[in-house]
Amino acid sequence: MQILVVEDEKKIADVLQKGLEEEYYQVDIARDGEEGWYKASVNEYDCIILDLMLPKIDGITLCKNIRKENKNTPLLILTAKDDLSDKIIGLDAGADDYVTKPFSIEEISARIRALLRRGNKADPVILSVADVTLNPATKKVTRGSLTIFLTAREYTLLEYFMRNPNTILSKTQLLEHVWDYRYEGLSNIVETYVKYLRRKLKTKSSARELIHTIRGLGYMMKE
């Protein structure tokens, strides 16, 4: 999933980026509210984490601006302010949740999973398509009774497919959510990783193809 972190303190931003990338998220960083507003306006994110005390545009104003654009992206406020009034102001501005500093990456990751579950897609705790299951908390993937071992990138690609079942996903969408918009590597990277996934998902007892090529449009995961 693609996460935007709007945080002006470099140490905190670096900790969040490193920790969330280890959890298989793709992370963009914005150092101030103005940059955060620009990135939120031109890119599609699955979750936005923002600090309240930001230069140029403060976190409350940024939160309100995002909601005015009718963006339903889950918003998680990260703040050193733990007064109840500050939390209420943040939630009233359109935030979905908040975490006070200091924090742990485990808590941030758990709150992101919770926000994704109760978002527009209302994803269940365990994702499943046909006989394939994926547990976002443990990163365990199974097909039938067999555990499937994936690389970090393969896992991220599969999770995005499974959060969007029966939906055509273009190569551009997959690049933005699995690799991020700055990717400048191999032009056929999506086709290559879809091939890897298909190969690993095929077992002796479950050889049926689940990831389908929709010619000229992209890919779809369906039963």
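Let me begin with two helices, α1 (residues 10-22) and α5 (residues 105-117), which pack at an angle of about 65° with their axes 10 Å apart. Helices here are DSSP runs of H or I with at least four residues, strands are runs of E with at least two, and both are numbered from the N terminus. The axes are lines fitted to C-alpha atoms, for helices over the stretch in contact, and the angles run from 0 to 180 degrees between N-to-C directions.

Before I go on, a word on the source: this is a predicted model, in which local features need pLDDT of at least 70 and side-chain atom pairs count only at pLDDT 80 or more, while totals for chains, interfaces and linings use all residues. Residues are numbered from 1 along each chain as its sequence is written, and side-chain values use heavy atoms, with hydrogens and water left out.

Back to the helix pair. The crossing of α1 and α5 is right-handed, a term that applies if the near helix is turned clockwise from the far one by less than a right angle, with left-handed used if it is turned anticlockwise. On the α1 side the contact, meaning heavy atoms within 4.5 Å, is made by Val15, Leu16, Gly19 and Leu20, and on the α5 side by Ile105, Ile108 and Ile112. These residues divide into 6 nonpolar, 1 polar and no charged, where Ala, Val, Leu, Ile, Met, Phe, Trp, Tyr, Cys and Pro count as nonpolar, Asp, Glu, Lys and Arg as charged, and the others, Gly among them, as polar.

By a nonpolar core I mean a set of buried Ala, Val, Leu, Ile, Met, Phe, Trp, Tyr and Cys residues joined through side-chain atoms within 4.5 Å; buried is under 20% relative accessible area, exposed is over 50%, and partly exposed is in between, with a 1.4 Å probe and protein chains only. Leaving aside neighbours within four places in sequence, Ile49 is in contact with Ile3, Leu4, Val5, Val6, Leu20, Leu76, Leu78, Ile108 and Ile112.

Leu116 and Glu21 are 95 residues apart in sequence, and their C-alpha atoms are 17 Å apart in space.

Now the cysteines. How many disulfides does the rule count? A disulfide is taken as a pair of cysteine sulfur atoms within 2.5 Å, and the count comes to 0. The sulfur of Cys47 is 11 Å from the closest cysteine sulfur, that of Cys63, and is therefore too far away for a bond. Cys47 is buried, with a relative accessible area of 0%, and Cys63 is buried as well, at 0% relative accessibility.

Turning to the other helices, Met162 lies in α6 (residues 152-163) and is buried, with a relative accessible area of 3%. Outside four places in sequence, Met162 is in contact with Leu127, Ser128, Val129, Val132, Thr133, Leu134 and Met221. The C-alpha atoms of Met162 and Val132 are 9.1 Å apart, although 30 residues separate the two in sequence.

Helix α7 (residues 171-179) holds His177, which is buried at a relative accessible area of 1%. Not counting residues up to four places away in sequence, His177 touches Met1, Gln2, Gln26, Glu44, Asp46, Thr156 and Tyr160. Leu175 is also found in α7, but Leu175 is partly exposed, at 26%.

I will finish with the backbone. Most residues other than glycine have a negative phi, and most peptide bonds are trans. A cis peptide bond, however, joins Lys101 and Pro102, with omega about -5°, and Pro102 lies in the loop between β5 (97-100) and α5. Lys56, though not a glycine, has a positive phi of about 75°; Lys56 sits in the loop between β3 (47-51) and α3 (59-68) and is exposed, with a relative accessible area of 64%. Ala130 likewise has a positive phi, of about 55°, without being a glycine; its place is in the loop between β6 (127-129) and β7 (132-135), and Ala130 counts as partly exposed at 28% relative accessibility.
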